[in-house]
Amino acid sequence: VVVCHTFRCLDSVLVWDPQARAFKEQPTTGPAPSSRGLHSAGVSPTHPNTLLVFGGAAKSGDMVSDVHALDCETWTWRPVQTSVKFAQSLPWGSGPSPRAGSCACGVGGE
């Protein structure tokens with residue numbers, strides 16, 4: 001499934017329909033990420049029906065570093081609270097700085 005969330009998406013995402021060969025608008029509920037572009041997204045390795053969205057550039061141009069999850073069965077967004085303990089364990093002592101144009105991949109099933 002191909003899902004697109006862009007700066008134009010406020011309460012929906014675009015889902016690719018391979019039979020119609022077109023994107024269709026899918027309404028969503030819950031606290032969605034702000035409208036943005038240049039974010040990274042990937043499927044959760046432990047929850048394969050969950051799309052994770054990180055960072056990006058808000059419509060205003062400000063960079064963000066938040067994480068949101070989209071349940072692709074219920075089409076419900078929720079913010080993901082990152083662990084302070086994990087962030088402090090990183091060599092630089094905090095989570096990722098706000099950024100746009102980053103990449104994401106799963107490593108070791110996590």
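**Entry 1: terms and model**

I count two strands as paired if DSSP finds at least two bridges between them, and I take helices (H or I, at least four residues) and strands (E, at least two residues) as DSSP runs numbered from the N terminus. The model I am reading is a predicted one, in which local features need pLDDT of at least 70 and side-chain atom pairs count only at pLDDT 80 or more, while totals for chains, interfaces and linings use all residues. I number residues from 1 along each chain as its sequence is written, and my side-chain values use heavy atoms, with hydrogens and water left out.

**Entry 2: the chain as a whole**

I looked up the secondary structure and found eight strands and one helix in the protein chain, with the order β-β-β-β-β-β-β-β-α when I read along the sequence. I then checked burial (buried is under 20% relative accessible area, exposed is over 50%, partly exposed is in between, with a 1.4 Å probe and protein chains only), and 27% of the 110 residues of the protein chain count as buried.

For the accessible surface (Shrake-Rupley method, 1.4 Å probe; for residues, only the protein chains shown count as cover), I noted about 7,300 Å² for the protein chain, with 58% of this belonging to carbon and sulfur atoms. I also looked at contacts (heavy atoms within 4.5 Å): of those between residues at least 6 apart in sequence, 41% join residues at least 24 apart.

**Entry 3**

I traced an open sheet of three strands, which has the order E1-E2-E3 and antiparallel pairing. Its edge strands are E1 (3-4) and E3 (22-27), each of which pairs on one side only. Between E1 and E2 I found two bridges, with the strands running antiparallel, and Cys4 has Leu14 as its bridge partner in E2.

Which strands pair with E6? I took the partners one by one.

- Strand E4 (residues 36-37) runs antiparallel to E6 and is joined to it by two bridges; Gly37 has Ala57 of E6 as its bridge partner.
- Strand E5 (residues 40-43) pairs with E6 over four bridges in the antiparallel sense; the partner of Ser40 in E6 is Phe54, and a hairpin of six residues joins E5 to E6.
- Strand E7 (residues 63-71) pairs with E6 over seven bridges, again antiparallel; Thr50 has Asp71 of E7 as its bridge partner.

In the hairpin of E6 and E7, with four residues between the strands, I noted that Gly61 takes a positive phi near 100 degrees. E6 is mostly covered, as eight of its nine residues are buried.

**Entry 3: the nonpolar core**

I next searched for nonpolar cores (sets of buried Ala, Val, Leu, Ile, Met, Phe, Trp, Tyr and Cys residues joined through side-chain atoms within 4.5 Å). The largest holds seven residues, namely Val13, Val15, Leu51, Val53, Leu70, Trp75 and Trp77. Strand E2 (12-17) and strand E6 (50-58) each supply at least two residues of this core.

**Entry 4: salt bridges**

How many salt bridges (a side-chain nitrogen of Lys or Arg within 4 Å of a carboxyl oxygen of Asp or Glu) does a search of the whole structure find? I recorded two.

One joins the side chains of Lys24 and Asp17 at 2.9 Å, N to O; here Lys24 is partly exposed at 45% relative accessibility, whereas Asp17 is buried at 16%. Another joins the side chains of Arg36 and Asp66 at 2.8 Å, N to O. This pair links distant parts of the chain, with Arg36 in strand E4 and Asp66 in strand E7, 30 residues apart. Asp66 is partly exposed, with 28% relative accessibility.

**Entry 5: a second look at Arg36**

Is Arg36 buried or exposed? I count Arg36 as buried because its relative accessibility is 0%. I then listed its polar contacts (pairs of N or O atoms within 3.5 Å; within protein, one must be able to donate a hydrogen and the other to accept it, and residues adjacent in sequence count only if both atoms are side-chain atoms). The side chain of Arg36 makes such a contact with the side chain of Ser34 at 3.0 Å, and a polar atom of the Arg36 side chain lies 2.9 Å from the backbone oxygen of Gly55.
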